[in-house]
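These are my notebook entries on a structure that I looked through by topic. I began with a pocket, then turned to strands, a loop residue and charged pairs.

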Amino acid sequence: MPRRNSVTWACLISGYAQSGMPEKAWVLFRCMVREGLMPNHYVFGSVLRACQDFGPSGLRLGMQIHGMVSKTRYAGDVVVSNVLISMYGGCLGSIDDAFGVFDEINLRNSISWNSIMSVCSQRGKAGLAFELFERMQRNGGSDFSIKPNEYTFGSLITATCSLSDSSSLLEQMFSRVTKSGFLYDLYVGSALVSGFARSGLTDHARNIFGQMTERNVVSMNGLMVGLIRQKKGEEAFKIFSETRELVDINADSCVVLLSAVAEFAVPDEGKRSGREIHAYLIRTGLINDKVAVENGLVTMYAKCGSVNDAKSVFELMNERDLVSWNSLISALDQNGCFEDTVMSFLKMRRSGLIPSNFTLISTLSSCASLGWIWLGQQIHGEGIKLWLDLDVSVSNALLAFYAEVGCLAQCEKVFSLMPEHDQVSWNSIIGVFSDSEALVSEAVKYFLGMMQAGWCLNRVTFINVLAAVSLLSLQGINHQIHALALKYNLADDIAIENALLACYGKCGEMDECEQIFSRMSERRDEVSWNAMISGYIHNEFLSKAMDMVWYMLQRGQRLDSFTFATILSACASVATLERGMEVHACGIRAHLQSDVVIGSALIDMYSKCGRVDYASRFFQNMPIRNVYSWNSMISGFARHGYGEDALNVFRQMKLSGQLPDHVTFVGVLSACSHVGLVEEGFMHFKAMQEEFSLTPRMEHYSCMVDLLGRAGELGKIEDFVNKMPMEPNILIWRTVLGACCRANGRHSELGQKAAHMLFEMEPQNAVNYVLLSNMHACGGKWDDMAKARRAMRQAAVKKDAGCSWVTMNDGVHIFVSGDRSHPEKDLIYEKLAELNRKMRDAGYVPQTSFALYDLELENKEELLSHHSEKIAVAFVLTRKSEKPIRIMKNLRVCGDCHSAFKYISRIVGRIIVLRDSNRFHHFDDGACSCRDYW
């Protein structure tokens, strides 16, 4: 054009702005100004709308134009001012600047009021929006009132939705809109549908949606979002199916619909619907409309568990943004493809994209699951370079990572360097230390710190701190935390009630547990029952634990593998075979006998209750075995003195491909010790490190000391202990002292040294004094024995009395040495005298060296004849039965009783199974399973 005027420029700038080309509108505006032409209000309005289209990046340009406007006659012009207010709202500028423009308008119209209310609603300033609405209704700021229109109500409804409890106000807005006649307006109706749906009032939203004479994609999307938030994925899908022919479906609708798939009540139905949506997107071409649609597909397939489909969609994407990579990385992590997660992260970095906080969170989660400390540390370093570690969510992910890989010091460091903490941060650090027995008191310290910082405690906080208090067995604090839970109205939360049950049970307060459990009534779940059973077992109320199991069965409560494993462990600890077999029967009725956890517990129970034959039979029939199954069988054979059988099982374990762990080698080395395989024991000890890369722990060194001691190689023990890579602890020195006891007083210097170390480490344990006293007694050093006894009295410690017990149909019968308290004492001692006569006739000679007192020979023999295990066997023989005799003893059986039991087993023709504090002895026809090597 040879001649251009302001109208020409205004038309072209307005055209570019309205056609979605804000850059060209802005360039043309600058050219107009350079040519010396003064923009009019239409030009200013158009270029300000172009700035608004830029979003936040257009704020600087908009403020420059605002400055130019303020120097012209259009300052205060209602048209330009209205656009300026919208620009500050759209570009996320200061709300104060928007109000400054609003206050300077000479004559406000409805657009002015609607614009400023829109800015307030966008920023969540609901109170301000309604104050403006009231002013507008009152006088509009001038001599006449301005009536609200559809845009007014649209802004107010949006503002209402920003409130935490918006339902009642929405109801009022609905009434006002209905009276004003705007209910059927497309814009207002869509806002109401979206508002009610987002507030959880989906029935209201559906009613309004059904009454709307005209619907668009916004109203449909708003309703679907609300339904999805209420976990009503099927209903959202139905709305889409019913409405898609009536409105113009866009990419945003597809993204919303894809998010509905994960909220289906039946996951398989959701997956099928997801595939239908995918096909629809391909058929309509909407799949290529926006990268967000394909990102939604990746997320949808991931949430349905179809990670391969998610990967396929990602591979076929023509364009990928950061959200695409984050969707894939998150999908892989959530579906357990941890190595693929890390590889995808590395590929993303090679593509040149900068990771976001979401990228790091998912990748750190996978590193934690893989135990890859070095890579997690590198990602931590990258987060620091990108300043992402300042994001509280990333810091929380770092806390979780370092906790998972066991780096507690790093957890503490990350927490201390966080610029701000949220509730998750505090809960994470409390949880980290509540899982660490060594540093569990730190959890309580951080719990107090969280309260002092003014944070609100939630269910996770209480669960974590109660776990810590359980480990500490702090009776006072548990009541205080319980009181806090009541204060926060969380005491009726089932997870917290279960945590309280576990805590009180560990602290020995079963009365409190019973009160909480009785109040729970119908809220009880499997965890509640298991917590009660575990509490009874922990406090040695086995009968109550068993009663609880029967009560569970009567109530129709399902017994899970944890319940059975817990009860079986308790039966094993007190060797109650009959109860253990009852639990086994319950497990069969519950169809849990093939569960590998229960199977392993059954093997352990039967072996500890003296029926290693049952344990072996069950082990052979197990369809699946894990490391615990193998370990239980190896330890079971070792405990019963069947060392060769234990080593055979170990060889089978290796052939099966199951890698042994530290517990496995404790069983293997114990087996070698019990049968005197010194060379083979050292071979396995060496193989731990060289073949399986397992660093020996203190318990393995203790087994080796025991192996040398039982073999009589006391001269090698001191050298072995001196070469240990760690300082010997109580376990090692007690094993050394026990070996010296068995050597009949030889190497008493080594025994004295071991005793000295034990007295320093554990001066209040009576076992240490008894072992030293017995060592001197075995060597005939009565003066030294007397000194050890005096030292024990001076230390004011008391040893446990030796006792034996048997379980009969009428209950458990307990006996101590020389016991005459039993109601059937006359029959017992008559049977005992009879046994003594028959044993002597068969060649038995009392081994008086095991009467560890300086007495006359006759007194020693009488003392030996009244040991608790002999009284127990005599009692059993007073009753008619052909079953094996099973006796339990809390201390190690003496050599004389061991010899006597061999004679008794031949005389009475019955198997005798004796479990002492170390192992099982199976006496049959004059021989013992230990082959006198014990």
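Entry 1, pocket lining. In this predicted model, I sorted the residues that line the second largest pocket and found twelve nonpolar, three polar and seven charged. The lining comprises 22 residues, and E578, T807, M808, K883 and P884 are those nearest the centre of the pocket. I noted that α34 (577-589), β1 and β3 each give two or more residues to this lining. Strand β1 supplies the largest share, four residues. For the space inside the second largest pocket I recorded about 600 Å³.

Entry 2, the strands. I next asked how β1 is paired. Strand β1 covers residues 803-808 and joins β2, residues 811-816, through six bridges in the antiparallel sense. The two strands form a hairpin, with two residues between β1 and β2. Within this pairing I located V806 opposite H813 of β2. I also found β1 antiparallel to β3 (residues 885-889), with two bridges joining them. There, W805 stands opposite M888 of β3.

I looked up M38, which sits in the loop between α2 (22-34) and α3 (41-54). From M38 to N5 the C-alpha distance is 9.9 Å, although 33 residues separate them in sequence.

My search of the whole structure returned 25 salt bridges. One of them joins D309 to R275, with the closest N and O atoms 2.9 Å apart. Because D309 belongs to helix α18 (residues 307-315) and R275 to helix α16 (residues 267-284), this pair ties together parts 34 residues apart in sequence. Both partners are partly exposed, D309 at 24% relative accessibility and R275 at 39%.

D340 lies in helix α20 (residues 338-350), 29 residues from K311. K311 is partly exposed at 29%, as is D340 at 32%.

The salt bridge of R611 and D613 has an N to O distance of 2.6 Å. I noted R611 as buried, at 16% relative accessible area, whereas D613 is partly exposed at 34%. Lastly, I recorded one network of E269, R272 and E276, joined by salt bridges that share partners.

Note on methods
Residues numbered from 1 in each chain as written. Predicted model: local features only at pLDDT ≥ 70, side-chain atom pairs only at ≥ 80, totals over all residues. Heavy atoms only, no water. Pairing = 2+ DSSP bridges. 1 Å grid on protein atoms, 1.4 Å probe; cavity = no way out; pocket = protein on both sides within 12 Å on 5 of 7 lines; lining within 4 Å. Points joined across faces, edges and corners; volume = space filled by probe spheres on them. Nonpolar A, V, L, I, M, F, W, Y, C, P; charged D, E, K, R; others polar. Salt bridge = Lys/Arg side-chain N within 4 Å of Asp/Glu carboxyl O. Buried < 20%, exposed > 50% of the residue type's maximum accessible area, 1.4 Å probe, protein only.
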